[in-house]
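This briefing covers ring pairs, hairpins and backbone angles. Keep the structure open while reading.

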Amino acid sequence: MKLKKYIYIIIAVISVVLVSCGEGTVEVGPQTYTPKIVMEGYLQPGKDVEILLTRNIPLNSQVDPSTVILSGADVTLTDVSENKDYKLTYNSVSGKFGYNGTGLTIGYDKSYKLTINAVIDGKSLTASSVTHVPKEGLKILTDESVLGTMKYREKDDQGNVKSFKVAFNTSVGSTFYAISNTALDASVETFVYGNPYFEPDKEDLEKDLADYKYQMDWMQNVNPDGGKREFEIRWLDLWFYSNYRFIVYAGDENFRLFVQTYGNVTEYDGNLHEPRFNITGDGIGIFGSYIADTVYVKVEK
């Protein structure tokens, strides 16, 4: 899901108009700016609701961190099947909106609508989005996976390079799956400098460490009737002698659209475009849902 980064996605807070065909030129005049509600949140069955709400800013303006978060927004989460509204409130510790009552539990195979009303630059804005939580069923099959501890590019008795493999049961109805792997001990000291792919410059490595620490892959158009699938973890995606966390996700349509487009916003001719948001009204960002399962492995020298 690009994808080099873990699925906790950071939404850009800059809104500009992209002009000059073929050059990807950004015009930064004040006439190009339109205020937007920026939402970032994913629902998971049985988990607390956490929605980050911020505002966009003109590219050529000073950022006041105290005004970026929309702490005063009016936020409602609606259980669509039950037609029941739940008021979300701002938590100053987490900086996110959540539900403080006891009546809301996010369930499998249910639709939820997020509605936000906020005032930005004196303008009343409204944005909404609907997500459908995947059905229960995703589960990593540890007995059919290749996990545990492995030496870097370890070989079998026939001299073939071995690899980790994550086998899992899919969720009926879901056609998009992603896997993230995170090097939990990533540092310039644990980087595999003897890898067969390239020899990094240490200064560049320090600057780009996160690009190597977080890796992502996905599969799409998976049979919605369910069954077993697997991700083979390439050594090209394992850059450290480290413990790793692998997370398999079954995502909804909003999850799929954003993941597949947020890292690829440049046309062949150089023009730029926005990712696909599935948001109605004055909003950008992502409101989606997923279910997930997690395993851990280790790569040694």
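A residue counts as buried when its relative accessible area is under 20%, as exposed when over 50%, and as partly exposed in between. Phe240 is at 0% relative accessibility, so Phe240 is buried. The model is predicted. The protein has 301 residues, of which 45% count as buried. Four helices and 18 strands make up its secondary structure elements.

**Surface**

**Aromatic pairs**

- A pair of aromatic rings is described by the distance of the centres and the angle of the planes.
- The structure contains 24 aromatic pairs.
- In one of them, the ring centres of Phe168 and Phe231 are 5.6 Å apart. Their planes meet at 20°, and stacking requires under 30 degrees, so this pair is stacked.
- This pair links distant parts of the chain. Phe168 belongs to strand E12 (residues 164–169), and Phe231 to strand E15 (residues 228–233). The two are 63 residues apart.
- Both Phe168 and Phe231 are buried.
- Phe191 and Phe240 make an edge-to-face pair. The centres are 5.5 Å apart, with 85° between the planes.
- Is Phe191 buried or exposed? Its relative accessible area is 2%, so Phe191 is buried.
- Phe191 and Phe240 belong to one aromatic cluster, which also takes in Tyr193, Tyr197, Phe198, Tyr212 and Trp239.

- Val75 stands opposite Leu88 in E6.
- The hairpin has four residues between its strands.
- Glu82 lies in the loop between E5 and E6. The Glu82 side chain makes a polar contact with the side chain of Lys110, at 3.5 Å.
- How far apart in space are Glu82 and Tyr112? The C-alpha to C-alpha distance is 9.8 Å, while the sequence separation is 30 residues.

- Thr89 stands opposite Gly98 in E7.
- Four residues lie between E6 and E7 in this hairpin. Gly95, in the turn, has a positive phi of about 75°.

- Most residues other than glycine have a negative phi.
- Asn83 has a positive phi, near 50°. At 65% relative accessibility, over the 50% cut-off, Asn83 is therefore exposed.
- Asp121 has a positive phi as well, near 55°. Asp121 lies in the loop between strand E8 (111–120) and strand E9 (123–132).
- Asp121 is at 48% relative accessibility, so Asp121 counts as partly exposed.

Notes:
Residues are numbered from 1 along each chain as its sequence is written. This is a predicted model: local features need pLDDT of at least 70, side-chain atom pairs count only at pLDDT 80 or more; totals for chains, interfaces and linings use all residues. Side-chain values use heavy atoms; hydrogens and water are left out. Rings of Phe, Tyr and Trp (its six-membered ring) pair if their centres lie within 6.5 Å; planes under 30 degrees apart count as stacked, over 60 as edge-to-face and the rest as tilted. Buried means under 20% relative accessible area, exposed over 50%, partly exposed in between (1.4 Å probe, protein chains only). A polar contact is a pair of N or O atoms within 3.5 Å; within protein, one must be able to donate a hydrogen and the other to accept it, and residues adjacent in sequence count only if both atoms are side-chain atoms. Two strands pair if DSSP finds at least two bridges between them.
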